[in-house]
Structures are given as structure tokens and as C-alpha cells.
Amino acid sequence: EVSPTSSFGPLLGESAPMRELFALLTRVAPSEAPVLVRGETGTGKELVAEAMHDESPRARCPFIVFDCSAASATLIESELFGHVRGSFTGATGDRPGAFEAANTGTLFLDEIGELPLDLQPKLLRALENREVRRVGSNTPHKVDVRIVAATNRSLVHEVDRGRFREDLYYRLAVVPVRLPPLRERLGDVPLLVRHFEEKLRRPGQAPLPDNVIDDFCARSWPGNVRELRNAVARAISIGTMAAEQAGAPASTPAPMSAPSGEEAMIVDLAEPLFVGSERVAEAFERKYLSAALKQTGGNVSRAAEIAGLTRAGFIDAL
């Protein structure tokens, strides 16, 4: 199913992958089902969560963001579930956690793959029982929250490697959602650039010329929509003169394609080495899985055996 519109909340896209995503989000948003959003850094996972909240019956209730990768390892349980006075050094009073703050609304668990393994059973218990216990207390507090979680990892692979609980994964991924990276929907770049321009350009300032837009469309954007927005902001701030003289926008160095010309081997010095390595590894993984499927005549179970994955892991990686 493809959405007839090119937006869902603040999300924009005219490409088929995005309109398919909008159709799915439109159906899922009014429900109570937990949603697991998977996407690379900068694709807009938090925007998806916020847009679903705004289109749900909980729209007038709290929308709370909890970043599992930002909280201190020693305080993450307190930040998530709350604590009572005296439960640890510095706990000078009772304090509710993210669950209680999100009561009647939506709790967005960002970077859920970073949640420590020893805390995952407690999160699962909170989701199953719809109640939390503050650190230092045995008194349960009932909570009514809709959970949206996000990760830039394959949690099925993390389950296979013993780094994420399988039961928690299935509890969170009732509705799995994949956000396509910008390189898979380059046709949306002009729409996004003009949208960012409208928000960032000062009155009377000339719009970016078409050749700059064309150059943007030819890039791989490892930082995705966030990187594109920053590039538009830089181009507007610096002006278009330098871009026209150089034949490319002054925002990022021009990428150098490998002799093969394959997108996976594009070397873009604007991205850190580990980001580029990850991108190439993902491209290899996709080709490997496709080759395994081809060799087995489309038999997923046999292809998963060749890849050394579970059947669920193989499907998730496709």
C-alpha cells in the first residue's frame, strides 16, 4: 500500500519507500501496539515516534524521549524507573522516572540496542505488568504508556550474539518499521532541500541554484537527512558564489568513486572512517544475502543456514 500524500507529520518524501512508510504509519499510529523503528543515524527515527504520537489518541498527553545511550550506566535504572529518597548517594528526594513521566502518553526509547543486558529483564517486566518500581522501593506504580523504540542496529543479530534478550525484542517489535537511508531515496533530495531552505533562508536571500541541488542529488549522504540539512544550512550561510566557482557546494568535499563505480565503494571524506566501513559492510551483507537466496532458489531456511543466521535473523537482515 502506498500513501497518496508526500508527508506524515514532519516527515517528507515523494519516493515509493517513503510513501509506503507513510501508509504503514497511518495505520499503526492510532493503535496501542509497540513499534520498533530501525534506521541509520540521521534518518529521523524520533520524528517517526513523535508523528505517531501526534496522530494517536494520546496526542494531548506527554511525549517523553529516553535516550538509552546517553544515560549514565550507574543511573540509567533510576532515570527509567525513578528512585526514592536515600536509595543511593545523591538521592535527596523521591523522583519519578521516564515511565511515570510518560504516563497516559508515549515513551520513546531511543537507541534501545544500547540498553545494558542486566536492565533488560526489568524493562520487560515493566512492559508486561504495566507497572514500575522505583529504585529503593518495593511499591509498584501503575503506568499506562505506549512504547515506541528505535535503534540503528539489527536487534535480531544482537539476539543471535547474546547481547539482547529475545523475549524483549519480540515484546518491542510488535510492529517493525524500517526507515530507508537517504541514499535509497535520492529522488526526495530536491523536496527536502527546498523545505530546509524555506525554514533557514533569510527574507530576500536567493534560493540555492539548480546545479547545487543536482550535486546534492549525486551524493551518498552517510549522515542522511540530518547531514543534508546541515549542508543546506552551510550553503545558505556561505552563499552560492563559492559553490559556483568550485562547481560544487562548499558544504562537503566531493566524493571520489572507486574504479568499479559501485555506490558501496564511494569514498566520501566528509564521513568518518568507521561510518564508511559500516556502509560498505552493509552493502556486502545485502549482496551476500541475495546470493544465498539465489543459490537456494529462494529457500529462506537454507539460505539462513549458509549465512550462519537464524531464519528470523536472515529475514530481518534482508
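A residue counts as buried when its relative accessible area is under 20%, as exposed when over 50%, and as partly exposed in between. Keep those cut-offs in mind for the tour. The model on screen is predicted.

**Stop 1: the whole chain**

Show everything as a cartoon. The protein has 14 helices and 11 strands. Of its 318 residues, 44% count as buried. Among contacts with a separation of 6 or more, 66% are between residues 24 or more positions apart.

**Stop 2: the five-stranded sheet**

Select β4, β7, β10, β3 and β11. They form an open sheet in the order β4-β7-β10-β3-β11, and the pairing is parallel. Which strands stand at the edges? They are β4, residues 63–67, and β11, residues 175–178. Each has a single partner strand, so one side of each is left without a neighbour in the sheet. Look along the sheet for its twist, which averages 20° from one strand to the next.

Next, zoom in on β3, residues 35–38. Strand β3 pairs with β10, residues 146–151, in the parallel sense over four bridges. Show Arg38 and look across to β10: Thr151 stands opposite.

Val175 and Val177 make up the covered face. Pro176 and Arg178 make up the uncovered one.

**Stop 3: salt bridges**

Side chains of opposite charge can pair when their charged atoms come close. A search of the whole structure finds 22 salt bridges. Three of them are worth a look here.

Start with Arg58 and Glu32. Their side chains meet in a salt bridge at 2.5 Å, N to O. This pair links distant parts of the chain, 26 residues apart. Arg58 is in the loop between α2 (45–54) and β4. Glu32 is in the loop between α1 and β3. Glu32 has a relative accessible area of 44%, so it is partly exposed.

Arg194 counts as partly exposed because its relative accessibility is 32%. Glu197 is at 2%, so it counts as buried.

Then select Arg163 and Glu158. The salt bridge between their side chains is 2.9 Å, N to O. Arg163, at 44% relative accessibility, counts as partly exposed. Why does Glu158 count as buried? Its relative accessibility is 4%, and the cut-off for buried is under 20%.

**Stop 4: a nonpolar patch**

Bring the surface back and select Phe284, Tyr288 and Ile306. These three form a nonpolar patch on the surface. Together they have about 300 Å² of accessible area.

Finish on Ile306. Find it in helix α13, residues 300–307. Ile306 has a relative accessible area of 40%, so it is partly exposed. What does Ile306 contact, leaving aside its neighbours within four places in sequence? Select Tyr288, Gln295 and Thr296 to see those contacts. Last, draw a distance from Ile306 to Leu293, C-alpha to C-alpha. The two are 9.5 Å apart in space and 13 residues apart in sequence.

Methods:
Residues numbered from 1 in each chain as written. Predicted model: local features only at pLDDT ≥ 70, side-chain atom pairs only at ≥ 80, totals over all residues. Heavy atoms only, no water. Patch = residues over 30% accessible without salt bridge, like charges linked within 9 Å, V, L, I, M, F, W, Y side chains within 5 Å. Areas by Shrake-Rupley, 256 points an atom, 1.4 Å probe, with all protein chains shown as cover. Salt bridge = Lys/Arg side-chain N within 4 Å of Asp/Glu carboxyl O. Helix = DSSP H or I, 4+ residues; strand = E, 2+ residues; numbered from the N terminus. Buried < 20%, exposed > 50% of the residue type's maximum accessible area, 1.4 Å probe, protein only. Pairing = 2+ DSSP bridges. Axes fitted to C-alpha atoms, helices over the stretch in contact; angles between N-to-C directions. Contact = heavy atoms within 4.5 Å.
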